[in-house]
Amino acid sequence: MDETEFWELVDVAREGAEGDPEEQTDLLVARLLERDPEAVLDFARHFEARYNRAYRWDLWGAAWVLLDGVSDDAFDFFRCWLIGQGRDVFEGALHDPDSLAELLGDFDEEIDGDGEELGYAADEAYEQLTGVVAPDLGIPPAPPEPEGTPIDFENEAALAERYPRLWGRFKE
């Protein structure tokens, strides 16, 4: 599976789910079940590589503003959700986390920002196809700490300055 096919699967599931991350996971699993186990592992590798790429302080700060605070686990789930938003939103957020203010349409913090289940879609599909747990993907793990410079999440003035568009849209 190449990168284009990976993003097509993400997009088809997102569009079919109409913004519901749990429904998106169900649709994604169904699509993955139409493929062979190696293709499912390829999808998992693509997902995990992007998940690790998004382990950055600047994205954590953007998530903090969007969701009014984000724990370690919540940031993990946010990164899964961010991948689920598709290539344009994901890459745009990596390039400029503050651009999420424009890249995201309607945002409901009750359901948006939490894609925990998306992170397990490939594992679930693989197990259903083979009857066994997915093997190690053979890709480097995420770094022990997020990339970049740590952010003081409790300093609202600094967050407002660093993320002016997100702050203006979601905090004011």
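Contact is taken here to mean heavy atoms within 4.5 Å. The structure is a predicted model, in which local features need pLDDT of at least 70 and side-chain atom pairs count only at pLDDT 80 or more, while totals for chains, interfaces and linings use all residues. Residues are numbered from 1 along each chain as its sequence is written, and side-chain values use heavy atoms, with hydrogens and water left out.

Leaving aside its neighbours within four places in sequence, Arg50 is in contact with Glu3, Phe6, Trp7, Ile83 and Phe90. Arg50 belongs to helix α3, which spans residues 37–53; helices are DSSP runs (H or I, at least four residues) numbered from the N terminus. Because its relative accessibility is 8%, Arg50 counts as buried, a term that denotes under 20% relative accessible area, computed with a 1.4 Å probe on protein chains only. The side chains of Arg50 and Glu3 are joined by a polar contact of 3.0 Å, that is, by a pair of N or O atoms within 3.5 Å, of which, within protein, one must be able to donate a hydrogen and the other to accept it, residues adjacent in sequence counting only if both atoms are side-chain atoms.

Trp81 is located in helix α5 (residues 72–84) and, at 1% relative accessibility, likewise counts as buried. With neighbours within four places in sequence set aside, the contacts of Trp81 are Pro21, Leu104, Phe107, Asp112, Gly113, Asp114, Gly115 and Leu118. Between Trp81 and Gly119, 38 residues apart in sequence, the C-alpha to C-alpha separation is 8.4 Å.

Helix α8 is considered next with two partners. The axes of α3 and α8 come within 9 Å and cross at roughly 165°, the axes being lines fitted to C-alpha atoms over the stretch in contact and the angles running from 0 to 180 degrees between N-to-C directions. This crossing makes α3 roughly antiparallel to α8, a term for angles over 145 degrees. In this pair, Pro37, Val40, Leu41, Phe43 and Ala44 of α3 meet Ala122, Ala125, Tyr126, Leu129 and Thr130 of α8.

Helix α2 (residues 21–32) and helix α8 (residues 121–130) have axes that come within 9 Å and cross at roughly 40°.

Key:
Helices (H or I, at least four residues) and strands (E, at least two) are DSSP runs, numbered from the N terminus. Buried means under 20% relative accessible area, exposed over 50%, partly exposed in between (1.4 Å probe, protein chains only). Angles under 35 degrees count as roughly parallel, over 145 as roughly antiparallel, 65 to 115 as roughly perpendicular and the rest as oblique.
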